[in-house]
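Open the model in your viewer and keep the selection tool at hand. We will go stop by stop.

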Amino acid sequence: MQLDFRGLTETAPGDAWRAVFARGWPGWRAWFLAREGAAAPRLDEAERALKRHMPEIAPLWRKLVDAVDGDDDAARFLSFWNPPRYLVGCSQLVATEDAGPVLIRNYDLNPEMNESTMLHTAWRGRRVMGMVDGLSGLADGVNDAGLAASLAFGGRMQVGRGFGVPMIMRYMLELCRDVQDAVDLLRRVPSHMSYNITVADRAGAWKTVFIAPDRPAIVSDRRGATNHQLGVEMPGHGRMSHTLERERHLEEMAAVEIGGGAAVEDFLRPPLFSTNYDMAFGTVYTAAYRPASGEAALSWRDGTTLRWRLDAFEPAEIAIAYSARGSKALRSRKTGRPPIHQRQAAGAAAAPRRHSAVHGDSL
């Protein structure tokens, strides 16, 4: 199993956004339309929801649709209003360093369901850098105000009227300046399912917010989260994902005030690192965000790391192979060059490959 990771950058919706859309829309379209039913949103309903709950980015939504000549299906999908069930795994933790907090997370899923793109944008003026999820949405990221965020599935199957979490993440990083801004936003924006969102800012504040469609958001001082909220409500999923075991390990790491570098190394080992790719619960990447310096890094099991900065983003490309032994970098299929290791610079980004996610039944 192999996945090509790339870093792309642009200031306004253009070639990078069109490349992301071309790569991902065929798979996402099949997922979106196959699971539609009586509750599927109409386009006018989706637009009203955006204007009501996310008025600041409703114009951006229209620009993104227009930039790819999107039809009504694309426009409805890109709103991420009332989508089908959307599940991801993940562990996340705020570590501490003298220079500020480090938000670290493992993205756990089937690699074939990951969009594998670090996208750096200034679509509304604010620079935002994060891993693409749901085309225009994000799974984790950081902005130039000094706020970092990541998400994990909340371990509950209740579904309500609301936005899919990638759109909420995009909205938060486009709008918010610090942890308090993020908490206020997460309290008011409706989510269609339960997720655990951990945020940290350059001032050293952090919170983990448990959002859900059927109860108010719960704000916690926990430094991190796995895949449950107040308790394990899906026993089968809890056992398969080892959510309690991973949570205990995160608590032990937090108790000793582990630094960012040591924490990343720990995230690349069990019980946080998973090779359960056949069950759609393998670690696809380990991300580390430093909001004080605007830095992001992706790491894999063999020690390969790609690094970016908000103020000096460089496009990058690397192929990663997955197996029962974990993840490792491969030689470039186009150039035959060795993989990019540690702090070395990468080459120019190429056109992304087609995405084929079926997230709704992945866990």
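Which helix does Glu-174 lie in? Select helix α5, residues 165-175, and Glu-174 is there. Helices here are DSSP runs of H or I, at least four residues, and strands are runs of E, at least two, numbered from the N terminus.

This is a predicted model: local features need pLDDT of at least 70, side-chain atom pairs count only at pLDDT 80 or more, and totals for chains, interfaces and linings use all residues. Residues are numbered from 1 along each chain as its sequence is written, and side-chain values use heavy atoms, with hydrogens and water left out.

Stay on Glu-174. Its relative accessibility is 2%, so Glu-174 is buried (under 20% relative accessible area; exposed is over 50%, partly exposed in between; 1.4 Å probe, protein chains only). Show its neighbours beyond four places in sequence: Glu-174 touches residues including Ile-57, Trp-123 and Arg-126 (contact means heavy atoms within 4.5 Å).

Next, select Phe-21 and Trp-25. Both lie in helix α1 (residues 15-34), four residues apart, about one turn of the helix. Phe-21 is buried at 9%, and Trp-25 at 11%.

Now go to Trp-81 and Phe-163. These rings form an edge-to-face pair, 4.8 Å centre to centre with 65 degrees between the planes (Phe, Tyr and Trp rings, the six-membered one for Trp, pair with centres within 6.5 Å; planes under 30 degrees apart are stacked, over 60 edge-to-face, the rest tilted). Trp-81 is buried at 5%, and Phe-163 at 0%.

Last, select the aromatic cluster, which includes Trp-17, Trp-28, Phe-77 and Trp-123.
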